[in-house]
Amino acid sequence: MKNGAEKENNRNEEPEENSKVFLRRWYILILFSFFTLHSCAVWNTWGPIAKTAKKVYGWTDGTLTLFTLWGCLDFPIFFLPSAWLLGRSLRWSVVIAAFCMLLGSSIRCLPLVFPLDDQAFTYLCHAGAIINAICGPVAMSAPIQISSAWFPPTERTFATSIGQMFNALGVGVSFIFGTFIVREASEDCELDPPSSDNILCLNKESDLKLARDDIDILLLIHGGISLVIFLLILLYFPSQPPKPPSISATEPRTLFLEGFKTLLKSRTAWFTMITYSMSQGLVQMWQSVMIINILNLEIEGVTEKWASMLGIVISFVAVAASIGFAFILKWFRKRMKHVIILLLAVSGTIFIVVALLFQVLQSFC
């Protein structure tokens with residue numbers, strides 16, 4: 001205990017010239033956050049416009065679900081190579097991940113240059129979803145490495161939460177893109193007359209073409225944003241600052257293979273992984289297909305636009321609350337476990353109440 005205290009005191013007494021906090025750390029974090037946000041928005045391109053896309057391209061719910069499922073199927077394949085690459089170079093990990101996002105979002109724009117039928121376009125969308133999903137492990141794990149390399153200990157929890165939660169915010173942004181770029185559509189205008197001239201009738205050939213044009217614009221926007229983010233990362237995204245933000249940032253890291261074996265044997269690591277995946281992964285996957293699920297219930301008054309607005313509210317409120325709690329947690333660093341347990345308990349209670357409320361409402365519909 002005495003040696004540990006003396007070691008800590010020696011760290012605190014280290015000359016200031018050995019460590020420095022750079023203002024550019026916020027640029028690195030913001031740039032990465034926009035990358036992880038947009039990669040998630042590309043992943044959930046089709047969920048917010050499910051009804052329109054099915055009519056325009058002749059897809060089924062299964063096709064749309066598979067587009068988002070590729071993100072989950074890619075993760076167990078590419079998380080080990082991503083972890084190894086992150087241990088080698090943060091910069092090149094993010095550059096390669098951003099390029100995958102660019103390639104995955106751009107390949108869907110090929111029919112705008114080369115005439116292809118809908119079947120070929122569907123294959124391109126699957127390929128784009130698979131390629132974009134390759135960047136997922138880097139997008140979700142690099143925030144920890146960025147915060148430890150660029151931020152002092154007092155800011156690391158807050159910085160990590162921003163990098164992590166901006167990925168979840170991408171789902172909300174995808175709903176914004178889908179809602180405001182692709183016009184609302186009605187499948188049968190004779191039985192369900194549109195309430196506005198801006199609502200397309202998908203049983204009309206002319207309106208079907210307008211819906212296809214809207215989707216083309218959406219895909220071009222995704223590809224253009226991906227290109228800008230990739231170029232910015234390629235121009236400047238160093239792995240670490242010229243001087244470390246703290247003495248702890250200079251400590252040697254565990255070797256990849258040794259660390260991986262340790263995690264496999266750690267019961268705590270397994271429990272943490274299961275808790276995180278159950279509390280975060282299931283919710284995010286549900287959000288990506290929530291419009292398909294909600295519209296299939298055929299509840300009166302619930303439209304694609306209404307469901308999209310619900311998705312926007314869910315994402316932005318959840319991310320704002322998460323970042324806010326992370327900012328507060330810096331004063332409760334010694335009780336973080338208890339705070340997380342409390343938050344998970346509250347979250348679980350809300351899910352149960354909402355599920356029961358939904359069952360009651362459904363019985364009256």
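Rings of Phe, Tyr and Trp (its six-membered ring) pair if their centres lie within 6.5 Å; planes under 30 degrees apart count as stacked, over 60 as edge-to-face and the rest as tilted. The model is predicted: local features need pLDDT of at least 70, side-chain atom pairs count only at pLDDT 80 or more, and totals for chains, interfaces and linings use all residues. Residues are numbered from 1 along each chain as its sequence is written, and side-chain values use heavy atoms, with hydrogens and water left out.

Q: Which residues form one aromatic cluster?
A: Trp46, Tyr57, Trp59, Phe67 and Phe121 form it. The structure holds 13 aromatic pairs.

Q: Why is the pair of Tyr27 and Tyr236 called tilted?
A: The ring centres of Tyr27 and Tyr236 are 6.5 Å apart and the planes stand at 40°, so the pair is tilted.

Q: What makes Tyr27 partly exposed?
A: Its relative accessibility is 37%; buried means under 20% relative accessible area, exposed over 50%, and partly exposed in between (1.4 Å probe, protein chains only). Tyr27 therefore counts as partly exposed. Tyr236, at 33%, also counts as partly exposed.

Q: What makes the pair of Phe34 and Phe166 edge-to-face?
A: The planes of Phe34 and Phe166 are 75° apart, with 6.1 Å from centre to centre.

Q: Why is Phe166 called buried?
A: Phe166 has 19% relative accessibility, so the residue counts as buried. Phe34, with a relative accessible area of 44%, is partly exposed.
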